[in-house]
Amino acid sequence: MKYVIGIDLGTSSVKTVLVNKQGDIVGEATASYPLIQERPGYSEQDPEEWVKGTLTCLKELLDGKQAAAEDIEGVSFSGQMHGLVLLDEQNKVLRNAILWNDTRTTKECREIEAKLGDSLLEITRNAALEGFTLPKILWVQKHEPELFAKAARFVLPKDYLRYRMTGQVAMEISDAAGTLLLNVPEGAWSEEITAAFGLPAGFCPPLVGSTEDTGTVLPEFAQQSGLSPNTRVFGGGADNACGAVGAGIVRKGDALCSIGTSGVVLTYEEDKSKDFGGKVHFFNHAHPGAFYAMGVTLAAGYSLSWFKDSLAPELGFNELLAPVGSLPPGADGLLFTPYLVGERTPHADSVIRGSFIGLSGTHRREHLARAVMEGITFSLAESLALFREAGIEVDRVISIGGGAKNPVWLQMQADIFGIPVVSLKNEQGPAMGAAMMAAVGSGWFASLKDCADQFIGYAQTYEPVPANVEAYSRLFKLYQQVYAATRSLNEGLQEFRG
Ligand SMILES: Nc1ncnc2c1ncn2[C@@H]1O[C@H](COP(=O)(O)OP(=O)(O)O)[C@@H](O)[C@H]1O
Ligand SMILES: O=C(CO)[C@@H](O)[C@H](O)COP(=O)(O)O
């Protein structure tokens, strides 16, 4: 039997899966690593921790005896996006990686907008956000000039891991899309942008595709991990591209709704001229020549966890949510906005905070819980509305993440989105997408589409209920007014925040 390994390099941990030719997960291992938060808004990690965590997982997978090292044909990656890893001429790491959730770069974002003007959206198809890589590069250029003078190139987290495994420096394209240095429609580095910010020649490494062969495992890494030096290593993808592949979002008409700590709605897109005016992210997909548009709700599952931890820490999610299904849409006149940590889509706003609107003495904990679930789903529906406004037709939504564990929430998604919502049989998230890239790279399938047909199984379809769709369309209009109505109140409250 032959196998592939998918490695998902996340923000809090690395997860590895061992997958056979039928798409069954036969082994799994995870290892966590810390965030370094020296000042408010800072979020860094030591890249060496990623390597150590991955070695721990690989050793555990290979010690499990499900597979011999020689039977592992390929390895590939999913990675947390946008994180800046600066390398010197000898490819030594110059400082801790600055991660996607580090928000120190507001000034640099404004500088990028001022310097590039309309070209920013034309070339990168994305707005300048603190999380993206170019603002982080400019921050180091400005605040750590001596260190920056030693920087020969940069890579992203999973590309650094691949470098350590193979000795070859490269950047994979779906991840490069989140740097603000890539001409996204053309799939090539933008010379206009690198020149505008005085970045040295060769600062942006060669680009590779998701299923592209990037070499074999270095003998030293093979010895440390238990992998065979003959195993081939493939490009991999950004975590959201891998999440989409792992949920089978490889065809027009399908959208993904992922409710984890944050929430994501994304659609598969082949038309590179689709214009979202920077309101949603537009990135290159792992499938060659394809793209995806993506909206992000920062506090999706986090809003429900916050609610549970604050008001019912003794209950599990299933117990807390059990009475929610018998309440009507709108939780008897209660709305919630999930802006607990600010928002990204459709309001890129770090000042806004959440609210309950319409609280009355008759509301009980289950009303609040239902309102929280509905508010999270309305926020995700705002991203879907932006896709529809841009002319994208979405036929169905594949739902994944913690939010897909609850049937009431899945039905609510169908009723709020107004289209069928489908859950997956054996959901494994981005690690599975990474394994699929290794499977295609190893020649098991001709394309990610063919691999998805074999590896992905659907569990249940939730059809929208017309009466609920009608009620939710009226509630959604009210929900959409809450942002503007509470914006200046939140500005006033800012000075009182702890
Ligand atoms: N049984 C459940 N029912 C409904 N929601 C759940 C359940 N379990 C977890 N969740 C939600 O999913 C979130 C975690 O999802 P998960 O995909 O594990 O997140 P992440 O990988 O981003 O940490 C929680 O914050 C919670 O809101
Ligand atoms: O910033 C983005 C996408 O734009 C995030 O999706 C990061 O890529 C986070 O990854 P996790 O480790 O939280 O999955």
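**Close-ups of a predicted model**

**View 1. H82 and its surroundings.** Leave out the residues within four places of H82 in sequence, and H82 is in contact with W100, G131, F132, T133 and G178; "in contact" means that the C-beta atoms of two residues, placed from the backbone, lie within 7 Å. Before you go on, this is a predicted model, where local features need pLDDT of at least 70 and side-chain atom pairs count only at pLDDT 80 or more, while totals for chains, interfaces and linings use all residues. Residues are numbered from 1 along each chain as its sequence is written, and chains are lettered from A and ligands numbered from 1 in the order in which they are written.

Where does H82 sit? You'll find H82 in the loop between β5 and β6. Strands like these (E, at least two residues) and helices (H or I, at least four residues) are DSSP runs, numbered from the N terminus. H82 counts as buried because 25 other C-beta atoms lie within 10 Å. The cut-offs are 20 or more other C-beta atoms within 10 Å for buried, 12 or fewer for exposed, and partly exposed in between, again with C-beta atoms placed from the backbone.

**View 2. M81, in the loop between β5 (72–79) and β6 (85–87).** M81 has 27 C-beta neighbours inside 10 Å, so M81 counts as buried. Skip residues up to four places away in sequence, and M81 touches W100, D175, G178, A238, D239 and N240. An unreviewed UniProt entry lists M81 and H82 under "binding site". UniProt positions are given in the numbering used here, with shortened feature names, and annotations may be inferred rather than shown by experiment.

**View 3. The shell around ligand 2.** Which residues are around ligand 2? Look for G10, T11, Q80, M81, H82, W100, G131, G178, D239 and N240. To be near a molecule, a residue needs its C-beta atom, placed from the backbone, within 6 Å of it. By class, this shell around ligand 2 has 2 nonpolar, 7 polar and 1 charged residues. Here Ala, Val, Leu, Ile, Met, Phe, Trp, Tyr, Cys and Pro count as nonpolar, Asp, Glu, Lys and Arg as charged, and the others, Gly among them, as polar.

**View 4. The shell around ligand 1.** Ligand 1 is surrounded by 16 residues, and the closest are G260, G301, L304, F317 and G402. Helices α11 (301–311) and α12 (317–321) each supply at least two residues of this shell. Which helix gives the most? That's α11, with 4 residues.

**View 5. A369, in helix α13 (residues 365–389).** A369 counts as buried because it has 25 C-beta neighbours inside 10 Å. Not counting residues up to four places away in sequence, A369 touches F307, L320, L321 and V324. A369 and V324 are 45 residues apart along the chain, and their C-alpha atoms are separated by 7.0 Å.

View 6. The protein splits into domain 1 (3–240) and domain 2 (248–426 + 465–498), with bounds that come from an automatic or database domain assignment. Taken over C-alpha atoms, the domain centres are 28 Å apart. The contact takes 18 residues from domain 1 and 14 residues from domain 2. On the side of domain 1 that touches domain 2, α7 (173–176) and β15 (237–238) each supply at least two residues. That side of domain 1 has 8 nonpolar, 9 polar and 1 charged residues.
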